[in-house]
Amino acid sequence: TVDRIAVIPIKGAISTENGNGDFFNSGTVGSGNIVEFIEIANKDKSVKGIILNINSPGGTVVGSKEIVDAVKKVDKPVVALIREVGASGAYWVASAADVIIADPLSITGSVGVLGSYLEFSDLFSKYGVTYQEITTGEYKDLGNPYSKLTNEERRILLSKLEIIHDYFSKDVSANRGIDLSEQANGLFYLGIEAMDLGMIDKFGGKNEAIAEVKQLAGIEDYQLVFYEKKESIFDLLGGLSSSFGFSVGQGMGDAFVKQDEFEISLT
């Protein structure tokens, strides 16, 4: 049996929605697909190691965590390769690998949490439109885009973000085996800075990642096997209906921001 090295791409914003994108959201990657690829590669005895080929600004909290949890369960060498961007939730995924290899000018880090939504209250006021909602709980409509946040509501939402941020930053530190609390400020770092901070292990690209897996796995001859989801015309047409009405709010590590609800993402 030929020894294989699995290459799993994580490209685009990470979402819990499966599929590598559609006409509207082509820059996304589904955590379910990535987790499935990782599990298949881990069970395949011919696969001696895994390369996570990362080019992602991050994404949703749960989507990122699902991939992180899957990486931690792998019982063979995992190397994360950051060629251009491996920030926020994507850096969280990389931190769970055995080794992180990055280009000196790549973008890493950005360990922070973003909560955002579109708010229309001033627009409604301008045109004399009012909004009424009847709820049975005081905070049931927390994050409602049709009314302004009160100071108390803002405090509540911020407290939730801080809980997620604490979990995120502590897990990254544990994965890397060093205290990265000072770097968990949402700032992004170039690869050359990340090396000095202990956030990555080596500089390089695809060849260096392959060499690292070969060394960790103790193999010489190998065959690369690429795990990617092939989109059919039905996937694309399905995306047309399921994605209509949503917009992308993408900065350094943003995920999706639905227009009708508050959403938390890693940034």
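Lys65 and Asp69 form a salt bridge in this predicted model. Their closest N and O atoms are 2.8 Å apart. The two residues are four apart in helix α2, so about one helical turn separates them. The search for salt bridges gives five in total. The protein as a whole has eight helices and 14 strands.

**Salt bridges**

- Lys65 is partly exposed, at a relative accessible area of 28%. Asp69 is partly exposed too, at 26%.
- Arg176 pairs with Asp201 in another salt bridge, with 3.0 Å between the closest N and O atoms. This pair links distant parts of the chain: Arg176 sits in helix α5, and Asp201 in the loop between α6 and β10 (202-203), 25 residues apart.
- Arg176 has a relative accessible area of 15%, so it counts as buried, the cut-off being under 20%. Asp201 is partly exposed, at 33%.
- Lys202 forms a salt bridge with Glu212, and their closest N and O atoms are 2.5 Å apart. Here strand β10, which holds Lys202, is linked to helix α7 (residues 206-217), which holds Glu212. The two residues are ten apart.
- Lys202 is partly exposed, at 35% relative accessibility. Glu212 is buried, at 8%.

**Aromatic pairs**

- The whole structure contains three aromatic pairs.
- Phe37 and Tyr227 make an edge-to-face pair. The ring centres are 6.0 Å apart, with 65° between the planes.
- Phe37 belongs to helix α1 (residues 31-43), while Tyr227 lies in the loop between β11 (223-226) and α8 (233-243), so the pair ties together parts 190 residues apart in sequence. Phe37 and Tyr227 are both buried.
- Trp92 and Phe168 make a tilted pair, 5.0 Å centre to centre, with 40° between the planes. Trp92 is in helix α3 (residues 89-95) and Phe168 in helix α5 (residues 151-176), 76 residues apart.
- Trp92 is buried, with a relative accessible area of 2%. Phe168 is buried as well, at 0%.
- Ring pairs join Trp92, Phe168 and Tyr167 into a cluster.

**Nonpolar cores**

- The largest nonpolar core has 42 residues. Ile10, Ile38, Ile50, Leu52 and Ile67 touch the most other members.
- Another core lies apart from the largest one.
- Leaving out residues up to four places away in sequence, Ile50 touches several residues, including Ala6, Ile8, Ile38, Val79 and Val213.

**Surface and overall packing**

- Leu105, Phe188, Leu190, Ile192 and Phe203 form a nonpolar patch on the surface. Together they have about 460 Å² of accessible area.
- Ile192, one of the patch residues, lies in helix α6 (residues 191-196). Ile192 is partly exposed, with a relative accessible area of 47%.
- The accessible surface of the protein is about 13,900 Å². Carbon and sulfur atoms account for 52% of that surface.
- Of the 267 residues in the protein, 46% are buried.
- Among contacts with a separation of 6 or more, 73% are between residues 24 or more positions apart.

Key
Residues are numbered from 1 along each chain as its sequence is written. This is a predicted model: local features need pLDDT of at least 70, side-chain atom pairs count only at pLDDT 80 or more; totals for chains, interfaces and linings use all residues. Side-chain values use heavy atoms; hydrogens and water are left out. Rings of Phe, Tyr and Trp (its six-membered ring) pair if their centres lie within 6.5 Å; planes under 30 degrees apart count as stacked, over 60 as edge-to-face and the rest as tilted. Buried means under 20% relative accessible area, exposed over 50%, partly exposed in between (1.4 Å probe, protein chains only). Contact means heavy atoms within 4.5 Å. Accessible areas come from the Shrake-Rupley method with a 1.4 Å probe; for residues, only the protein chains shown count as cover. A nonpolar core is a set of buried Ala, Val, Leu, Ile, Met, Phe, Trp, Tyr and Cys residues joined through side-chain atoms within 4.5 Å. Patches are made of residues with over 30% relative accessible area and no salt bridge: like charges are joined within 9 Å, nonpolar side chains (Val, Leu, Ile, Met, Phe, Trp, Tyr) within 5 Å. A salt bridge is a side-chain nitrogen of Lys or Arg within 4 Å of a carboxyl oxygen of Asp or Glu.
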